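Morning, everyone. I'll take a few minutes on one structure. Please have a look at it first.

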Amino acid sequence: MQKRQKSPIETESELRSLAFSYLARQEYSQSQLRERLVKRCEEPDLIERVLAYLVEEGYQSDSRFAESYIRAKSDQGQGGKKIAFDLSRKGIPKNLIADLLDKREVDSKQVALAYLKRKFGEEPPVDMKEKAKWFRHMAGRGFDYGEIEYAFRYQNSDPDYD
């Protein structure tokens, strides 16, 4: 069975309607939204006009998208490095990413500690080989050296009563 080819969009109102339908389902960065609209419209000027309208009217915001993305990924136990990398791939400017990561309400060391306890429990690794394996896993999740060391130090104790 062949996939039905959708006809290209030629008017601004149709393109605006399509953009609203995308944004109604989830937040998109401007870059992501542009990629989706290019698939349906062949006029770059028309796409840019619609994107400018959406930003101007507050329907699309890279800052709002990045804030919600950071919050969601932090809750899932991802570190700042991975979040920053993913956001830059989604077209968010590096200076905005840095500002939002600095302003986030959660402490990245506490996120690393909570993730380590959730993933591996409160018992420390049995040997250096296992510790290295856990360390690599945490680094792959985007945590930096200081955050991982903090998590290992307080894995089986409370950092507030040390």
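Start with Lys82. Lys82 is partly exposed, at 27% relative accessible area. Lys82 forms a salt bridge with Asp86, and the closest N and O atoms are 3.4 Å apart. Asp86 is buried, with a relative accessible area of 12%. Both sit in helix α5, residues 80-89, four residues apart, so about one helical turn separates them. Keep in mind that this is a predicted model.

How many salt bridges does the structure hold? Five. Another one pairs Glu12 with Arg16, at 2.8 Å between the closest N and O atoms. These two lie in helix α1, again four residues apart. Glu12 is partly exposed at 26%, and Arg16 is partly exposed at 23%. Shared partners join Glu12, Arg16 and Arg49 into one network of salt bridges.

Next, Glu48 and Arg34. Their side chains meet in a salt bridge, 2.8 Å from N to O. This pair links distant parts of the chain, with Glu48 in helix α3 and Arg34 in helix α2, 14 residues apart.

Now the helix packing. Helix α1, residues 12-25, packs on helix α3, residues 44-56, at about 50 degrees, with the axes 10 Å apart. That makes α1 oblique to α3. The crossing is right-handed. Among the contact residues are Leu15 and Phe20 of α1, and Val50 and Tyr53 of α3. The contact of α1 with α3 has nine nonpolar residues, three charged and no polar.

Last, Ala66 in helix α4. Is Ala66 buried or exposed? Buried, at 0% relative accessibility. Beyond its neighbours within four places in sequence, Ala66 is in contact with Leu87, Ile92 and Leu100.

Conventions. Residues numbered from 1 in each chain as written. Predicted model: local features only at pLDDT ≥ 70, side-chain atom pairs only at ≥ 80, totals over all residues. Heavy atoms only, no water. Axes fitted to C-alpha atoms, helices over the stretch in contact; angles between N-to-C directions. Parallel < 35°, antiparallel > 145°, perpendicular 65-115°, else oblique. Left-handed = near helix turned anticlockwise from the far one by under 90°. Contact = heavy atoms within 4.5 Å. Nonpolar A, V, L, I, M, F, W, Y, C, P; charged D, E, K, R; others polar. Buried < 20%, exposed > 50% of the residue type's maximum accessible area, 1.4 Å probe, protein only. Salt bridge = Lys/Arg side-chain N within 4 Å of Asp/Glu carboxyl O.
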